[in-house]
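Please look at the structure shown below, and keep the picture open while you read.

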Amino acid sequence: MKYLFWYILFLLMGCNEINKEVKIVFDVNQGKTGDVSEVFEDRKIVFLETLEESLLTEVTKIICAEDRIYILDEPANSIVVFDTTGKFISAIRPSGRGPQEYMGISDFTINREKGQLIVHAHRPGKLLFFNLDCRFQNEIPYKSLVSAMSWKDGQLILVNSLQENSPYFTFLSFNDKGEISEKRVSSFKEKINSNQYTVGSLLLSGEKMTFARRFDNTLYSLEGDRVIPRYILDFNGYNVPVHLLAPREEEEEKRAELRKGNYFFSIVNVKETPSSVFFKTNGLGLMRLSKESGRGDYWVSLKDSELGISSGNMVGVEDLTNRLFCFEYPLIYVQLSIKGQWERFPEWFAEKLKRLGDESNPFLIFYTSKE
């Protein structure tokens, strides 16, 4: 009997240790300028076809599925689809407020088991369902405000409202009749009323569904319907002081001080691979924490020496391998960084860049994380 007691105690202590947050320090003052080969491998460049129906304003989020690249263009309230060579396939665009229509979207995700693309529209409030060729299937009224969404373990997971008030998550399940079963989950007491945002994805499905809230240096993971704090990030002198946390819109003095101090207050595009957790912040560059060593690495910039180009805007990507990363290169970025210095680039790459016109879509560079 006493052995059973000690065995149970050991298990309980082990569980507590697993759920204990680990502190990771990032020495921001020692940010590195490195090469992509330190972090990534297996590069793939995708020049997105430029047609009137395929034009992009911004690459906000990417989901790779069925040899296709699904791109959320949030400013244009659109989802544009290309194959892996960059050839345009289809698009979902705003068209009105009637049946099968919308004016504004919050986010989208893909149910891979059903081959179904799901869009949340905030004008008017509803969920729209399409097949992977962007053909409309059905819609369900859903008035709640949503700022991010993903699909995992047979459920649609939504981050609630732009103000991120409690409860934080809604889990939606659908029966055969399309009826919604709804469950709300939160482990947060604090409301975030600030309008300070960083462009990027709040929720991405990876090895685990790992995420962060604004003005909170903790990385959390969803395990079932539980929110588990896992890592506390210390930006070593650039953590937001308590008196500046989540300044409201009318507190311009606090917001100005927040910007002036170069503080890290927003963590987005969190992606967990088998060995690491990557993310970007409101500052420059890429951050990575090693799950095994507990080390935090910070690259102010990464250069692809073979291409002669520095890393562009990091875009949140969902993919089946959980190892795919993407950097976006808008035309203006290329124009400013090239400045006629074509000799910097391999000849084949320079020729492709020269073909880009004033209205060209951005090109994308995908890498696979080293594991």
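The questions and answers below go from the whole chain to single residues.

This is a predicted model, in which local features need pLDDT of at least 70 and side-chain atom pairs count only at pLDDT 80 or more, whereas totals for chains, interfaces and linings use all residues. Residues are numbered from 1 along each chain as its sequence is written, and side-chain values use heavy atoms, with hydrogens and water left out.

Q: How do you know that the radius of gyration of the protein chain agrees with that of a compact globule?
A: The radius of gyration is taken over C-alpha atoms, and the globule rule is 2.2 Å times the number of residues to the power 0.38. For 371 residues a compact globule would have a value near 21 Å, and the protein chain has 22 Å, so the two agree. Along the principal axes, the C-alpha atoms fill a box of roughly 75 × 55 × 50 Å.

Q: What makes up the secondary structure of the protein chain?
A: The chain has four helices and 26 strands, where helices (H or I, at least four residues) and strands (E, at least two) are DSSP runs, numbered from the N terminus.

Q: Why is Ser201 called buried?
A: Buried means under 20% relative accessible area, exposed over 50%, and partly exposed in between (1.4 Å probe, protein chains only). Ser201 has 9% relative accessibility, and therefore counts as buried. Ser201 sits in the loop between β15 (180–185) and β16 (209–211). Of the 371 residues of the protein chain, 49% count as buried.

Q: Which residues does Ser201 touch, not counting residues up to four places away in sequence?
A: Contact means heavy atoms within 4.5 Å, and with that limit Ser201 touches Thr60, Lys61, Val268, Asn269 and Gly316.

Q: What makes Gly316 a buried residue, and where does Gly316 lie?
A: Gly316 has a relative accessible area of 2%, so it is buried, and its place is in strand β24 (residues 313–318). Leaving aside neighbours within four places in sequence, Gly316 is in contact with Lys61, Ile62, Ser201, Leu204 and Asn269.

Q: Is Asp67 called buried or exposed, and why?
A: Asp67 has a relative accessible area of 64%, and is therefore exposed. Asp67 lies in the loop between β4 (61–65) and β5 (68–73), and has a positive phi of about 60° although it is not a glycine.

Q: Why does Phe215 count as buried?
A: The relative accessibility of Phe215 is 12%, so Phe215 counts as buried. Phe215 is found in the loop between β16 and β17 (218–223), and Phe215 has a positive phi of about 60° although it is not a glycine.

Q: What kind of peptide bond joins Arg123 and Pro124?
A: A cis peptide bond joins the two residues, with omega about -15°. Pro124 itself is placed in the loop between β9 (116–123) and β10 (125–131).
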